[in-house]
Amino acid sequence: MPYEDDDYEDRIQFADPGSGSALRAASKSNPRNRPCPRCGRKNVLTPLDVAHHYVCDHCANAAERGLDY
Ligand SMILES: [Zn+2]
């Protein structure tokens, strides 16, 4: 099997690889047009993020610090 065909998941573009954010980069087929399910901010998530049950960076950072609101 060609290596490229086995590598798709590793080649997903992350929105900001340096920040540790797990959110996917927005694109034409994956626009950042969905609200955060936790805080309700608009246009902070892409459909792929929602499919993975992610929250926005703000909520993710708050969760990492043990904050909840
Ligand atoms: Zn949020």
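**Notebook: Asp 49 and the zinc site**

I started with Asp 49, which is found in helix α1 (helices are DSSP runs of H or I with at least four residues, strands are runs of E with at least two, and both are numbered from the N terminus). The model is predicted, so local features need pLDDT of at least 70 and side-chain atom pairs count only at pLDDT 80 or more, while totals for chains, interfaces and linings use all residues. Residues are numbered from 1 along each chain as its sequence is written, and side-chain values use heavy atoms, with hydrogens and water left out.

**Entry 1: Asp 49.** Is Asp 49 buried or exposed? I found a relative accessibility of 0%, so Asp 49 counts as buried (buried is under 20% relative accessible area, exposed over 50%, partly exposed in between, with a 1.4 Å probe and protein chains only). I then looked up what the side chain of Asp 49 reaches, and found the backbone nitrogen of Thr 46 at 2.9 Å. Leaving out residues up to four places away in sequence, Asp 49 touches Leu 23, Arg 24, Arg 32 and Tyr 54 (contact means heavy atoms within 4.5 Å).

**Entry 2: zinc donors.** Which residues hold the protein donors of the zinc ion? I listed the SG atoms of Cys 36, Cys 39, Cys 56 and Cys 59, at 2.3 to 2.4 Å from the ion (donors are N, O and S atoms within 2.8 Å of the metal, or 3.2 Å for Na, K and Ca; water is not among the atoms, so sites may look incomplete). The spacing of the donor residues in sequence is C-x2-C-x16-C-x2-C. Cys 39 lies in the segment before α1 (47–51) and Cys 59 in helix α2 (residues 57–64), so this pair ties together parts that are 20 residues apart in sequence.

**Entry 3: zinc geometry.** I checked the angles subtended by the 4 donor atoms: they run from 104 to 117 degrees, which makes the arrangement tetrahedral (for four donors, all angles lie between 85 and 135 degrees). For reference, the ideal angle for four tetrahedral donors is 109.5 degrees.

Entry 4: Cys 39 counts as partly exposed at 26% relative accessibility, whereas Cys 59 is buried, with a relative accessible area of 1%. I also took the C-alpha to C-alpha distance from Cys 59 to Pro 37, which is 9.7 Å for residues 22 apart in sequence.

**Entry 5: whole protein.** I noted 2 helices and 0 strands. Of the 69 residues, 22% count as buried. Among contacts with a separation of 6 or more, 17% come from residues 24 or more positions apart.

Technical notes. Four donors count as tetrahedral if all angles lie between 85 and 135 degrees; four count as square planar and six as octahedral if opposite donors are over 155 degrees apart and all others between 65 and 115; anything else is irregular. A polar contact is a pair of N or O atoms within 3.5 Å; within protein, one must be able to donate a hydrogen and the other to accept it, and residues adjacent in sequence count only if both atoms are side-chain atoms.
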